[in-house]
Amino acid sequence: MSEATTITISRSVPVPPERAFAAWVDPEELAQWWWPQWPDTTYDLDVRAGGHYRMHSAAAGFGVTGELTVVEPPHRLAMTWIWTTGAEPTAADDAVADLVEVTFEPDGPGTRVTVRHTSTEHVAEGGAEQGWNDVMDRLPPHLSR
């Protein structure tokens, strides 16, 4: 088994933590900024500790699923994170579950949103860091509307 590494990505957004947190837990809002380049993406979320979530794009051929382990509005979300592939994938029982934590901290008139993704599967130049940067780059303009 590989040693776990953590990717940390932060962005400042021009809204209070309550508003930034809401952008992460509303499926209709996620559709506007998470993967808008794949409009067929479905966003299913049961926003409570122990609730499950699933985001999937058949056109892209991948998605992510897991369990929300911490839901503390408007400060923190934590979840397991399992990549899935295929047109209608399901998470394999033996799939490696990464851990993702999102924090929302007051930052002047706005909020600092930080994602920490811990995995034993991260590889240098493997795309996870770029993927998080792509997603997080869309959050500030979305919340500036």
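Trainee: At roughly what angle do the axes of helix α1 and helix α3 cross?

Mentor: This is a predicted model, in which local features need pLDDT of at least 70, side-chain atom pairs count only at pLDDT 80 or more, and totals for chains, interfaces and linings use all residues. Residues are numbered from 1 along each chain as its sequence is written, and side-chain values use heavy atoms, with hydrogens and water left out. Helices (H or I, at least four residues) and strands (E, at least two) are DSSP runs numbered from the N terminus. The axes, which are lines fitted to C-alpha atoms, for helices over the stretch in contact, with angles from 0 to 180 degrees between N-to-C directions, come within 11 Å for α1 (residues 17-25) and α3 (residues 128-143) and cross at roughly 125°.

Trainee: Which word describes how α1 and α3 are oriented to each other?

Mentor: Angles under 35 degrees count as roughly parallel, over 145 as roughly antiparallel, 65 to 115 as roughly perpendicular, and the rest as oblique. The crossing of α1 and α3 is at roughly 125°, and the two helices are therefore oblique.

Trainee: Which residues of α3 does α1 meet?

Mentor: Contact means heavy atoms within 4.5 Å. On the α1 side the residues are Arg-19, Ala-20, Ala-23 and Trp-24, and in α3 they meet Trp-132, Met-136, Leu-139, His-142 and Leu-143.

Trainee: Is Thr-80 buried or exposed?

Mentor: Thr-80 is found in strand β5 (residues 76-85). Buried means under 20% relative accessible area, exposed over 50%, and partly exposed in between (1.4 Å probe, protein chains only). With a relative accessible area of 18%, Thr-80 is therefore buried.

Trainee: At what distance does the side chain of Thr-80 reach the backbone nitrogen of Glu-67?

Mentor: Leaving aside neighbours within four places in sequence, Thr-80 is in contact with several residues, among them Tyr-53, Glu-67 and Leu-99. The side chain of Thr-80 reaches the backbone nitrogen of Glu-67 at 2.8 Å.

Trainee: How far apart in space are Asp-40 and His-56, C-alpha to C-alpha?

Mentor: Asp-40 lies in the loop between α2 (27-33) and β2 (42-45). Asp-40 and His-56 are 16 residues apart in sequence, and their C-alpha to C-alpha distance in space is 8.2 Å.

Notes: A polar contact is a pair of N or O atoms within 3.5 Å; within protein, one must be able to donate a hydrogen and the other to accept it, and residues adjacent in sequence count only if both atoms are side-chain atoms.
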